[in-house]
Amino acid sequence: MLMHQGIGLDRFNALSERGAVHALFECCCSATWARHVAEGRPYGSHRELLTAADSELFELSEADIDRALECHPGIGRRAQTTASSQEQCAVWAPDEATMSAVLEATARYEEKFGHVYLWCAAGREATDLLDDLAHRLDNSPDAEQKTMLGELAKINRSRIERMLGPEGGYLDY
């Protein structure tokens, strides 16, 4: 769970530099990305912050991307935890055969591409994941790098939206 959940854009903009970097690091564990996005404050809207977050992500070095990926456990590997229930474990299926297929396919992916399979799982099913994996395993390394970055951007946006809460208001704690 994000520590900075539902803080609103005004409160995010008013955080100290260190506080803003910390809040952003919870969304994407790249210190470089978090620092650069924090330096862009104040943001006038959620959209402006999300656009900056995407832009900074696509400027990261390969080493920074690798560090960001280290904070993403594999799909289905931390089932039943609060932190992952809205993300990778949202695709947890009670069917052992399906989950076994997921774990086997993600292992093949990781062997081929050298990093964790990243997929924005919110609102999606395990069968969708298996379809996506089957398609992405056919990608070239360059094509997959672009696809993976797109998925990381979606995950970051989802986390930033949870961090901010609804536009124009705060969430109750």
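Is R35 buried, partly exposed or exposed? At 37% relative accessibility, R35 counts as partly exposed; the cut-offs are under 20% relative accessible area for buried, over 50% for exposed and in between for partly exposed (1.4 Å probe, protein chains only). Some notes from going through the model follow.

1. **What we are looking at.** This is a predicted model, in which local features need pLDDT of at least 70 and side-chain atom pairs count only at pLDDT 80 or more, while totals for chains, interfaces and linings use all residues. Residues are numbered from 1 along each chain as its sequence is written, and side-chain values use heavy atoms, with hydrogens and water left out.

2. **Overall make-up.** The protein has eight helices and zero strands, and its pattern along the sequence reads α-α-α-α-α-α-α-α. Helices (H or I, at least four residues) and strands (E, at least two) are DSSP runs, numbered from the N terminus. Of the 173 residues, 47% count as buried. The protein exposes about 9100 Å², and carbon and sulfur atoms supply 50% of that; the areas come from the Shrake-Rupley method with a 1.4 Å probe, and for residues only the protein chains shown count as cover.

3. **Contacts along the chain.** Contact here means heavy atoms within 4.5 Å. Take the contacts with a separation of 6 or more: residues 24 or more positions apart account for 68% of them.

4. **α2 against α3.** Helix α2 (residues 17-27) packs with helix α3 (residues 31-39) at an angle of about 130 degrees, and their axes are 8 Å apart. Axes are lines fitted to C-alpha atoms, for helices over the stretch in contact, and angles run from 0 to 180 degrees between N-to-C directions. The two helices are therefore oblique to each other; angles under 35 degrees count as roughly parallel, over 145 as roughly antiparallel, 65 to 115 as roughly perpendicular and the rest as oblique. The crossing of α2 and α3 is right-handed, which is the clockwise case; a left-handed one has the near helix turned anticlockwise from the far one by less than a right angle.

5. **Who makes that contact.** On the α2 side you'll find E17, A20, V21, L24, F25 and C27, and on the α3 side A31, W33, A34, R35, V37, A38 and E39. By class, that gives ten nonpolar, no polar and three charged residues. The classes are Ala, Val, Leu, Ile, Met, Phe, Trp, Tyr, Cys and Pro as nonpolar, Asp, Glu, Lys and Arg as charged, and the others, Gly among them, as polar.

6. **Back to R35.** R35 lies in helix α3. Not counting residues up to four places away in sequence, R35 touches E17 and V21.

7. **A cis proline.** Have a look at the peptide bond from R41 to P42: it is cis, with omega near 5 degrees. P42 sits in the loop between α3 and α4 and is exposed, with a relative accessible area of 61%. Leaving aside neighbours within four places in sequence, P42 is in contact with N13 and E48. N13 and P42 are 29 residues apart along the chain, yet their C-alpha atoms are separated by 5.1 Å.

8. **α4 against α8.** The axes of helix α4 (residues 46-57) and helix α8 (residues 141-164) come within 10 Å and cross at roughly 145 degrees, in a right-handed crossing. H46, L49, L50, A53, D54 and L57 of α4 meet L149, L152, A153, N156, R157, I160, E161, M163 and L164 of α8. That contact has ten nonpolar, two polar and three charged residues.

9. **α5 against α8.** Here the axes come within 12 Å and cross at roughly 55 degrees, which makes α5 oblique to α8. This crossing is left-handed. I65, A68 and L69 in α5 meet Q145, M148, L149 and L152 in α8, and the residues divide into six nonpolar, one polar and no charged.

10. **Two buried aspartates.** D64, in helix α5 (residues 62-70), is buried with a relative accessible area of 10%. Beyond its neighbours within four places in sequence, D64 is in contact with S30 and T32. D132 is found in helix α7 (residues 126-136) and is buried too, with a relative accessible area of 17%. Not counting residues up to four places away in sequence, D132 touches Y117 and W119.
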